[in-house]
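The notes below are meant for a colleague who is opening this structure for the first time. Please keep the sequence and the model side by side while reading the numbered points.

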Amino acid sequence: MAPLDYFPSYLPDPDVRVFTSAGNSIPAHSSILGLGSAVLESVLDRPEEKQRSRREGERVVRIFGVPDDAVSGFMRFLYSSRCTEEEMEKYGVHLLALSHVYSVPLLKQKCTKSLAERLTVENVIDKLQLARLCDAPDLYIKCMKFVAEKFKSVEKTEAWKFLQKHDPRLELEILQFMDEADSRKRRTRRHRQEQRLYLELDEAMECLVHICTEGCTDVGPYDMDAVTRKEPCSHFKTCKGLQLLIKHFASCEKRVNGGCSRCTRMWQLLKLHSLMCDRIDLCKVPLCRQFKLRMQQQKRRDDVKWRLLVRKVMNAKAMSSLSLAKRKREAEPRGIKLCHETEEHLRRRT
């Protein structure tokens with residue numbers, strides 16, 4: 001049986017015979033086997049094989065431990081660099097093992113991808129062990145993620161019970177991976193919450209400038225008449241709440257003694273604005289210049305924390321702007337494509 005349905009006419013006669021576990025043999029060419037696998041090349045170049053070739057006219061390669069059809073599929077891949085979906089589905093595990101043993105990277109990559117697409121609760125532990133043995137990190141990571149996502153179902157399988165008894169080290173790796181995955185999720189969640197808070201602070205700073213420069217429904221700059229608009233502000237979601245906070249700050253009697261939490265919050269917003277403001281001479285936000293001068297005169301320890309907060313707010317704003325620009329760029333081709341499809345549809349109808 002040949003590894004391909006036929007040998008191309010330009011190839012010489014086979015000079016290698018590949019034997020399988022069932023005793024069958026597949027004729028092959030040493031030049032092609034050596035080109036596709038460095039391991040097979042070294043096997044065929046051994047002195048005893050060269051002597052056998054001179055004595056018997058052909059060399060011998062033994063591939064045992066896998067089904068004959070898997071060996072045929074492996075040989076066919078060395079000739080054509082292709083495997084059928086049926087071969088991958090039936091013999092993907094065996095082909096991965098052969099690609100690892102005989103160092104065929106392209107086949108290993110294809111097997112890894114195919115096996116990862118066919119993960120189930122019942123086979124994931126077996127494929128995880130195989131990925132570990134065959135040094136297939138992509139398959140290993142995907143198996144680990146699959147186990148972490150469906151652990152309650154996986155731990156009920158016989159494969160998991162067998163693993164607990166005979167491979168406690170791999171069990172420990174899985175549990176550690178799950179713990180690290182949970183930690184990463186918590187860190188990601190905490191980071192997103194912090195970014196959301198920084199973006200809200202940035203919006204509050206812009207809203208404060210908007211109120212103190214342009215004026216809004218209830219509060220406006222000191223050198224302008226009060227705005228009489230009744231409809232809610234369409235610029236910022238926080239505008240109404242910030243106006244109420246400013247009005248309270250202006251009339252509160254407790255703020256002198258520092259006994260009002262709402263006034264304390266307003267002081268913090270004003271201070272944060274002064275740290276972020278780069279238009280001192282033109283700025284109409286109350287106390288902006290005073291905070292600037294005070295911080296320049298008094299170098300206190302908490303100023304470092306405030307400057308760190310300013311940097312994080314600015315970074316969050318920059319990242320949000322980049323993300324928004326990226327989404328717009330991605331949306332434009334889809335919009336153009338949709339317009340073209342609509343025009344084409346209307347043209348066909350007319």
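1. The protein chain contains 15 helices and 3 strands, where helices (H or I, at least four residues) and strands (E, at least two) are DSSP runs numbered from the N terminus. Of its 350 residues, 36% count as buried; here buried means under 20% relative accessible area, exposed means over 50%, and partly exposed lies in between, with a 1.4 Å probe and protein chains only.

2. This is a predicted model, in which local features need pLDDT of at least 70 and side-chain atom pairs count only at pLDDT 80 or more, while totals for chains, interfaces and linings use all residues. Residues are numbered from 1 along each chain as its sequence is written, and side-chain values use heavy atoms, with hydrogens and water left out.

3. On confidence, pLDDT is the predictor's confidence in each residue, from 0 to 100. The mean pLDDT of the protein chain is 82, and 81% of its residues reach 70 or more.

4. The strands form an open sheet of 3 strands in the order S2-S1-S3, with mixed pairing; two strands pair if DSSP finds at least two bridges between them. The edge strands are S2 and strand S3 (59-62), each of which pairs on one side only. Neighbouring strands of this sheet are turned by 25 degrees against each other on average, direction ignored.

5. Strand S1 (residues 16-19) pairs with strand S2 (residues 25-28) in the antiparallel sense over 4 bridges, whereas S1 and S3 run parallel and are joined by 4 bridges. S1 and S2 form a hairpin with 5 residues between them, and Gly23 in the turn has a positive phi of about 90 degrees.

6. Helix H4 (residues 68-80) lies across S1 and S2 and runs at about 5 degrees to S2; axes are lines fitted to C-alpha atoms, for helices over the stretch in contact, and angles run from 0 to 180 degrees between N-to-C directions. The largest nonpolar core has 53 residues, of which Val18, Leu33, Ile63, Phe74, Met75, Ile125 and Ile174 touch the most other members. The largest share of this core, 7 residues, comes from H4. Such a core is a set of buried Ala, Val, Leu, Ile, Met, Phe, Trp, Tyr and Cys residues joined through side-chain atoms within 4.5 Å.

7. Leaving aside neighbours within four places in sequence, Phe74 is in contact (heavy atoms within 4.5 Å) with Leu40, Ile63, Leu95, Leu98, Ser99, Tyr102, Val104 and Leu107.

8. The axes of helix H12 (residues 239-251) and helix H13 (residues 261-276) come within 9 Å and cross at roughly 110 degrees. H12 is therefore roughly perpendicular to H13, a term that covers angles of 65 to 115 degrees, with those under 35 counted as roughly parallel, those over 145 as roughly antiparallel and the rest as oblique. The residues of H12 that meet H13 include Leu242 and Phe249, and those of H13 that meet H12 include Cys263 and Trp267.

9. The axes of H8 and H11 come within 10 Å and cross at roughly 75 degrees, so H8 and H11 are also roughly perpendicular to each other. Tyr140, Ile141, Met144, Lys145, Val147 and Ala148 in H8 meet Glu173, Ile174, Phe177 and Met178 in H11. Leu197 is found in helix H11 (residues 168-213) and, at 43% relative accessibility, counts as partly exposed. The C-alpha atoms of Leu197 and Ala316 are separated by 9.2 Å, although these residues are 119 residues apart along the chain.

10. Two loop residues deserve a look. Ser103, in the loop between helix H5 (85-101) and helix H6 (105-117), has a positive phi of about 55 degrees although it is not a glycine. Asp135, in the loop between H7 and helix H8 (137-149), has a positive phi of about 50 degrees and is not a glycine either. Ser103 is partly exposed, with a relative accessible area of 35%, and Asp135 is exposed, at 52%.
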